[in-house]
Amino acid sequence: AVVAAAIPLPAATAQLGIGYGGVAVCTIMFGGPLAAIQTVLRDKSAHSLPLAYTLAGVANCTLWTSYGAFIIHDPFVWAPNSLGLVFSLSQLGLIARFGTRPADGTGAAPGGGSGAMASGLAPATVEAAGQAAAKTVAATTAAADVVPAQAKKIQ
């Protein structure tokens, strides 16, 4: 609908309209799983938050935020993805704190555990995921320094 409405507009106006529409949709999409935060806090279990989607969100948003901020300097890329990164890291924090197994009637995770152990993940797995995200940020930042230098050589 946004694209169809933008067709008769001047190109600059259409680009802004489509850009703002994309930012809004992207931000809502990344924040969607946080709608379950009340359930997570009430049940003391993050079983309603998808772990794979959350990890993919951290990796995706780290890459797009870095690319948008350091390489192309485009706020329509880095702004929604930086918000998505904050949302994804918040979800990951809730999963690490409360675990992903459904809580029993007492509000405790099965087996009395909590956090990463209650989710069935070993603490080393959670730590490895965090280290992988840090390496992704470092590699993307290093690439941001290389790409402009190569672009200057081409010109």
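Q: Is Trp64 buried, partly exposed or exposed, and what is its relative accessible area?
A: Buried means under 20% relative accessible area, exposed means over 50%, and partly exposed lies in between. In this predicted model, Trp64 falls in the in-between class and is partly exposed, with a relative accessible area of 41%.

Q: Which residue has its ring paired with that of Trp64, and in which helix do both lie?
A: The ring centres of Trp64 and Tyr67 are 5.7 Å apart with planes at 80 degrees, so this pair is edge-to-face. Tyr67 is partly exposed, at a relative accessible area of 33%. The partner of Trp64 is Tyr67, and both lie three residues apart, about one turn, in helix α4.

Q: How many aromatic pairs does the structure hold?
A: One of them joins Tyr20 and Phe76, whose ring centres are 5.2 Å apart and whose planes meet at 70 degrees, so it is edge-to-face. Another is formed by Trp64 and Tyr67. The total is two.

Q: How many residues apart in sequence are the parts tied together by Tyr20 and Phe76?
A: Tyr20 counts as exposed at 55% relative accessibility, while Phe76 is partly exposed at 32%. Tyr20 belongs to helix α2 (residues 11-31) and Phe76 to helix α5 (residues 75-98), so the pair ties together parts separated in sequence by 56 residues.

Q: How many disulfides are found in the whole structure?
A: Cys26 is buried, with a relative accessible area of 16%, and Cys61 is buried at 0%. The cysteine sulfur closest to that of Cys26 is in Cys61, 6.6 Å away and too far for a bond, because a disulfide needs the sulfur atoms within 2.5 Å. The number of disulfides found is zero.

Conventions. Residues are numbered from 1 along each chain as its sequence is written. This is a predicted model: local features need pLDDT of at least 70, side-chain atom pairs count only at pLDDT 80 or more; totals for chains, interfaces and linings use all residues. Side-chain values use heavy atoms; hydrogens and water are left out. Rings of Phe, Tyr and Trp (its six-membered ring) pair if their centres lie within 6.5 Å; planes under 30 degrees apart count as stacked, over 60 as edge-to-face and the rest as tilted. Helices (H or I, at least four residues) and strands (E, at least two) are DSSP runs, numbered from the N terminus. Buried means under 20% relative accessible area, exposed over 50%, partly exposed in between (1.4 Å probe, protein chains only).
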